[in-house]
Structures are given as structure tokens and as C-alpha cells.
Amino acid sequence: MIIQDLQVNSRKLPLRMPFKTALRIATEIESIEVSLILENGVIGKGAAAPTFVITGDSSEGMEAALIGPIKNALVGLDITRFQTALQRVQSCCVGNPSAKAAADIALHDAYCKLLNLPLHAFLGDKKPLHTCMTIGVDTPEKMASDAIKSVKDGFQILKVKIGANPELDIERIEAIQEVVDETTKLRLDANQGWKPKQAVGLINEMEKREFNIEFIEQPVVSYDLEGLKFVTERVGVPIMADESLFSAKDTMKLITGRYIDLLNIKLMKCGGISQAWTIASIAETNGVECMIGSMMEPAFSVGAAAHFAAAHPNVKYFDLDAPLWLSEEPDVLKYNGADIQLSDSPGIGVVEN
């Protein structure tokens, strides 16, 4: 079944409220959407969003990669050579992980539609998914108020953004801890906002105060792996790599060097489902558990990530709340509080709301 064409469309999606981290404030996202058209009329859909400050991807660069080298690599190929198609996406150009993710997702969607299987069935499992809810970095009072609302909405795990004005971080966590009960777990994400010694001091103080912290993401700048290891070796709370992890090679380095305890996989960083599966499998072989995360990105690409997470046995933690921040209702996922329902339609599918 020949791939006849690859088309790209983009549209802007406003957020319900500003999304604030130590790296940026987002009020909208740009959804780059891919249609992969097979000779029998089947259309595989893919989507991605640029996150300049993390992946280096811009919307203009993503569209250029998709209608240039990625399209050239796929058009004319028989999609039943599925693994060759996935490999061509990864090897046709350097970088561009988010553009590659959109094409990889479209290939999975098209191939599963051809086989008349939902993506999770093609990948081989459908374990339950329960996401955390993100609390954007802000004043301690605002973050505590947001935490109360999220718990009322059914979220028992909060992902708390910190690292902007680190001198406020203890006060922020204390304010949240005071308004949630002891069953609510906190995942902290410093988004590279701390220095290594500062991170150790702050985390040790949080441990002394017995905050209910499950793990801490990316405490120091992404390229400072020795700083990351310095923190990991000196605190009791597990440390997770996020911005330091893009590829399977990064995975090997982070694990063999014992720089971290956990990994955060995102399709937009690694280039799609095929690469995410490799990363999770390498980590599984080495006894390191993974979380599936997402950027602020379209529901369709988060849906693809959810199918992957439901199927891979080494994805143990889930951070898939991005569609709940968008002004439009998600159509490929259904949320009931923290619980996520996947579609059983072929491909990434559609759910009834």
C-alpha cells in the first residue's frame, strides 16, 4: 500500500489559562498537523507543537522538515515496509525531533487503520492510565489555590512547577502541602532552574520538613550531567531527567553513568513512538523506570503518547494533562478526573464525549 502524499497544516490553539514554568509563559500553542495519504484513501494523522526553548523546534522549521526531507523519504514507499518507513523518518535529516514525531505518529495511525486495530492493540497492551495535574509556577498563595481546585477535580498527584525565583520554592511547596491531605503526592519540576549545590540544599530542607514528594524532575541545566549526578547522589528523593533526555544515546549515557534515578520520555523530544519504545526498553533492561510526559501540545499527539504508555511495561508514571489546558475539547482521549480513556477505534481513534 503506497504512501501517495504527505500534507501539512498548522493552526493556533489558545490555552484556557497561561502556562507558567521556569523556562517560559505560554498562552497558546501552534499545532502542526500531518496527513499521510495512502493509495487506498486511508489517511494517517499526526500532530506536534514547536517548543523552541526545549527542543529548538520552530513552526517554520518543522513545516520545512516535513514537506522537505521527511516527505521525500516517505512518498512512494509501501507502508507495509513499516519499520523501514519509521527508520527513514529518523535518518532523513538531523535534529527536528518534533517534526519527526508528527510523521512517526501519522505512520502509526495510518498503519493501524490499515490493519483495523487501535494503536494500543497494535503495540500490545492497554494498562490503566492516571495522569497528574500541573500546577504552574506562581506565588505561593496562587499555587495553593490551584492545588485545592485540582484535588477537588479528582487529581491525587500534582506536578508542581518551581525553579523560577528559587528562594520562594520552599514557601511554595509548604503552601501547597498545607492545603492538600497526606494522600496527595507532589512531583516537583524545577525545569533546570536550580544550581547543583542550591538544589541539594533545597531538597534536603524539603526532606527535613517531610513534604510528600514522589520525585523531582530536572533540577539543574540540561547539559550539566555532572551537576545532575551531584544532586542525585546527595538526596533521598528520586531524581528524574527530562530536558537532559532526547535520544536512545542520551538514555545509555544517563543510565550507565548513574546520573539519575528515573527518565521522562516525551514524543516531541525523542522523535515519536518508535524512539520512545527504544528508550523505555533500554531503561527497562537497566532497571530504570520511566514516565510518559508531554509538552504543551495538541490532544492528538498526547493521545499517541497515551497509547504508547498504555502498552509499554516500563512506563510507570503518567503526565498527560496538556489537553486539559487547551480551549478545545480533546477528541482522541476522554478524561474522568485523573483517569484517561483511550479510543478503541482504529489508529489513535476518536472518543465520544
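A pocket, on a 1 Å grid over the protein atoms alone, is an open set of points with protein on both sides within 12 Å along at least five of seven lines. A residue lines it if an atom lies within 4 Å of a point. Points join across faces, edges and corners, and a volume is the space filled by probe spheres set on them.

Quick ground rules. This model is predicted: local features need pLDDT of at least 70, side-chain atom pairs count only at pLDDT 80 or more, and totals for chains, interfaces and linings use all residues. Residues are numbered from 1 along each chain as its sequence is written, and side-chain values use heavy atoms, with hydrogens and water left out.

Helices (H or I, at least four residues) and strands (E, at least two) are DSSP runs, numbered from the N terminus. Ala, Val, Leu, Ile, Met, Phe, Trp, Tyr, Cys and Pro count as nonpolar; Asp, Glu, Lys and Arg as charged; the others, Gly among them, as polar.

Next, the second largest pocket, at about 330 Å³. Here 24 residues form the lining, with Arg11, Glu33, Lys45, Phe300 and Asp331 closest to the centre. Among the elements giving two or more residues are strand 1, helix 4 (97–115) and helix 13 (299–311).

Helix 13 has a partner. Helix 12 (residues 273–285) packs with helix 13 at an angle of about 30°, their axes 11 Å apart. Axes are lines fitted to C-alpha atoms over the stretch in contact, and angles run from 0 to 180 degrees between N-to-C directions. That makes the two helices roughly parallel, a term for angles under 35 degrees. Who touches whom? Ile273, Ala276, Trp277 and Ala280 in helix 12 meet Ala304, Phe308 and Ala311 in helix 13, contact being heavy atoms within 4.5 Å. Those residues are seven nonpolar, no polar and no charged.

Last, the inside. A cavity is a set of points where a 1.4 Å probe fits but cannot get out. How many cavities of 30 Å³ or more are there? One. The largest cavity holds about 180 Å³ of space. Of its 17 lining residues, Phe19, Lys161, Lys266, Ser294 and Met295 lie nearest its centre.

Notes
Parallel < 35°, antiparallel > 145°, perpendicular 65-115°, else oblique.
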